[in-house]
Amino acid sequence: MTALSGGAEGPRALRPLLETVLDALAEGAARRGGPLPVGTPKELADLVAQTLADLDTSAGTGEPGADAEPLHRLTALLAQGSTDPADPFCAAHLHCPPLSLAVAADLAASALNPSQDSWDQAPAATALETLLIRDLADLVGYDPDTATGVLTSGGTESNLMGLMLARDCALTRAAGRPTELHGLPSGPVPRIFASAAAHFSVQRAAALLGLGEQAVVTVPVDRDLRMDADALAAALHRCTAAGETPVAIVATAGTTDTGAVDPLHRAADLAAEHGAWLHVDAAYGGGALLSDRLAPLLDGVSRADSVSLDWHKLGWQPAAAGVFLARHAESYAPLARRAVYLNPADDEEAGYPSLLGLSLRTTRRPDAFKIAVTLRTLGRAGLGRLVDACHALAHHAAATVDAHPLLELHTAPVLTTAVFHYLPQRPELRDPAARDTVNAALRRRLLREGRAVVGRTELPGQGPGRIRLKLTLLNPHTTPADVERLLHAVAAAGQAEEAEA
Ligand SMILES: *Cc1c(COP(=O)(O)O)cnc(C)c1O
């Protein structure tokens, strides 16, 4: 059990272990028998604790022998105790079912363990990430010769990077010369503009960057949760009139809840007018670029200074598969780093490239690999068909909700989500606060019974009546009939809650 995964012998050591893992995955999934484990969090935690305790005694010889029992039992436990996004009734989050192809590719990455922080830890993977970034720059409409980017842990890190470059660009301009890295701005009050439906990582990034969460100006949204461009214009004017510095506009292309796409051209015009950086958070909506039908939704994204994409959402990759792109490679200068043991200047001069200065991380998995394998296998068109299939499911969900007497749709789907609520029938449960309670409780009932994983969110604003349920449809093999059954299960859970209320 101390055999290594690399070298010519590695695969031989891995093969029986993979058999064990695959058998245990099947066994655990069969034991679960649905989208998630039945029961309460406490019951599941007890099962985990019990399994760990059992193994502690049975494996207590201390001999690193040939015992695959912990691998088998813990893998089966993990599978039994997982929510499985490959189950059509698991449709809450931007939590995609990974393609088996991508998982197999990721196994190769794990086995070889390249690390992207220096060429001598990742010779081919360095070249491959560089070429993949060119392909993705092209996908968003950047010139691959002048753009750059890096694989990230996801939208959270990508948004942080976008706002970091925005901050340093504003600092450079304020100082009238290139700054070293990351001084806090003195003088002008920095402002970042993002909609009320933008991802919470924007506020976190502002805090981490030393600008403070209060630097983020929340721009109102319309009913579809799109940023109100006139309100953005007004907020920017107030900012500059007050002598504050508009550091960045964050436009969301595909809000987490409704998939709404902010008006990208208006945002780009306003960014240019006010000298602000435009970061487009396309962590979810970037997937639309894969589909000929949906790509026009993101028209204008190429005008952004930086973009976040997440291939672990509409890209069917196992996490993590985040991407950060910057339109101009020069804007990356503040992140450049020379670490004498990773990218010495003479190595670079001798033709050994380094990705170190592109990432906030040092050790970094070759997450580009699985994406490259997927793109080369399915092509943009093949992935686009998966996006279109999920989009069609969302429309089917919306139509089913519309036709259902106990369900009410919020707005028409944009990408692959449908947002709605259950309408209680008992008169005393119809006021907004009671309706919220029933909707929240019916979702937990579905979880407890192991029946379904549906999303729950709240619309921006104040007061009761804002709780909504959502289906985030990322499984291209889900059928329209599955979606109907899921929505009927939601309505039935609502009725069960009413009966017990
Ligand atoms: C998911 C999401 C994020 C966060 O991405 P992670 O990959 O979870 O870090 C950011 N923005 C939007 C719009 C998202 O949907």
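The report below takes up the ligand site and then the pockets.

This is a predicted model, in which local features need pLDDT of at least 70 and side-chain atom pairs count only at pLDDT 80 or more, while totals for chains, interfaces and linings use all residues. Residues are numbered from 1 along each chain as its sequence is written, and side-chain values use heavy atoms, with hydrogens and water left out.

The ligand is surrounded by 15 residues (a residue is near if one of its heavy atoms lies within 4 Å), and the closest include Asp-281 and His-312. By class, this shell holds three nonpolar, nine polar and three charged residues. The table gives polar contacts, pairs of N or O atoms within 3.5 Å.

| Side chain | Distance to a ligand oxygen atom |
|---|---|
| Thr-156 | 2.7 Å |
| Asp-310 | 2.6 Å |
| Lys-313 | 3.1 Å |

Taken alone, the ligand exposes 380 Å², of which the protein buries 85% (Shrake-Rupley method, 1.4 Å probe).

The ligand sits in the second largest pocket, in the sense that more than half of its atoms lie within 2 Å of the grid points. A pocket is an open set of points on a 1 Å grid over the protein atoms alone, where a 1.4 Å probe fits, with protein on both sides within 12 Å along at least five of seven lines, and lining residues have an atom within 4 Å of a point. This second largest pocket has a volume of about 550 Å³ and is lined by 29 residues, with strand 11 giving the largest share, four residues.

The largest pocket holds about 1100 Å³ of space, and helix 1 gives the most to its lining, with eight residues.

Terms used. A polar contact is a pair of N or O atoms within 3.5 Å; within protein, one must be able to donate a hydrogen and the other to accept it, and residues adjacent in sequence count only if both atoms are side-chain atoms. Ala, Val, Leu, Ile, Met, Phe, Trp, Tyr, Cys and Pro count as nonpolar, Asp, Glu, Lys and Arg as charged, and the others, Gly among them, as polar. Grid points are joined across faces, edges and corners, and a volume is the space filled by probe spheres set on the points. Helices (H or I, at least four residues) and strands (E, at least two) are DSSP runs, numbered from the N terminus.
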